[in-house]
Amino acid sequence: MAPDTSVAGQVLALVNQERAKAGCGALAEDSRLDTAAQKFSEDMSARDYFAHSTPEGVTFDQRIKAAGYPSPAAENIAKGSTTAAQTMQMWMNSDGHRRNILNCSYQKLGVGLDKDGWYWVQDFGF
């Protein structure tokens, strides 16, 4: 199988490299988490905000469930970096984001990116 060279595929591969170093199992992509992450990155870009909750107070777990995924775990967001590698470095240098990436109980990942402002979202699921 050819490697996924999309930005989402690059992020998933980099996440799984870090998880392997930490002794965690690989995360699998989930299309529902991809949908939740992509919609949130687009919403932050369109409405020019950067937060884990929408201006109306909708949280990551509510957005993930609304996309049809039953067991949300966590969310990472980033803004401004223009490559998957740069974004992963930012997340790995941030304690809370790093903890999410290296949480061995998480099993699924969705990735979103809006290049208008470079809004990145990772949504994790159990």
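This is a predicted model: local features need pLDDT of at least 70, side-chain atom pairs count only at pLDDT 80 or more; totals for chains, interfaces and linings use all residues.
1. Residues are numbered from 1 along each chain as its sequence is written, and side-chain values use heavy atoms, with hydrogens and water left out.

2. Let us stay with Asp123, which sits in strand β4. Is Asp123 buried or exposed? Asp123 counts as buried because its relative accessibility is 0%; buried means under 20% relative accessible area, exposed over 50%, and partly exposed in between, with a 1.4 Å probe and protein chains only. Leaving aside residues up to four places away in sequence, Asp123 touches Leu33, Ala36, Ala37, Ile64, Ala74, Glu75, Lys108, Leu109 and Gly110, where contact means heavy atoms within 4.5 Å. Pro70 lies 53 residues from Asp123 in sequence, and their C-alpha atoms are 13 Å apart in space.

3. Now look at the whole of β4.

4. Which strands pair with β4? Strand β2 (residues 72-79) is joined to β4 by 7 bridges and runs antiparallel to β4; within this pair, Glu75 stands opposite Asp123 and Ala74 has Phe124 as its bridge partner. Strand β3 (residues 108-114) also pairs with β4 in the antiparallel sense, over 7 bridges. Two strands are said to pair if DSSP finds at least two bridges between them. The hairpin of β3 and β4 has 4 residues between the strands, and in this hairpin Gly117 takes a positive phi near 105°.

5. The sheet can now be put together. Its 4 strands form an open sheet in the order β1-β3-β4-β2, with mixed pairing. The edge strands are β1 (28-29) and β2, each of which pairs on one side only.

6. Stepping back to the fold, the protein has 5 helices and 4 strands. Starting at the N terminus, the order of elements is α-β-α-α-β-α-α-β-β. Here helices (H or I, at least four residues) and strands (E, at least two) are DSSP runs, numbered from the N terminus.

7. How do the overall dimensions come out? The radius of gyration is 13 Å, which agrees with the value near 14 Å that a compact globule of 126 residues would have; the radius is taken over C-alpha atoms, and the globule rule is 2.2 Å times the number of residues to the power 0.38. The C-alpha trace spans about 40 × 30 × 30 Å along its principal axes. Buried residues make up 41% of the 126 residues. Among contacts with a separation of 6 or more, 65% involve residues 24 or more positions apart.

8. To finish, here is a residue with a contrasting setting. Ala20 belongs to helix α1 (residues 7-21) and is exposed, with a relative accessible area of 53%. The C-alpha atom of Ala20 is separated by 19 Å from that of Gln86, which is 66 residues away along the chain.
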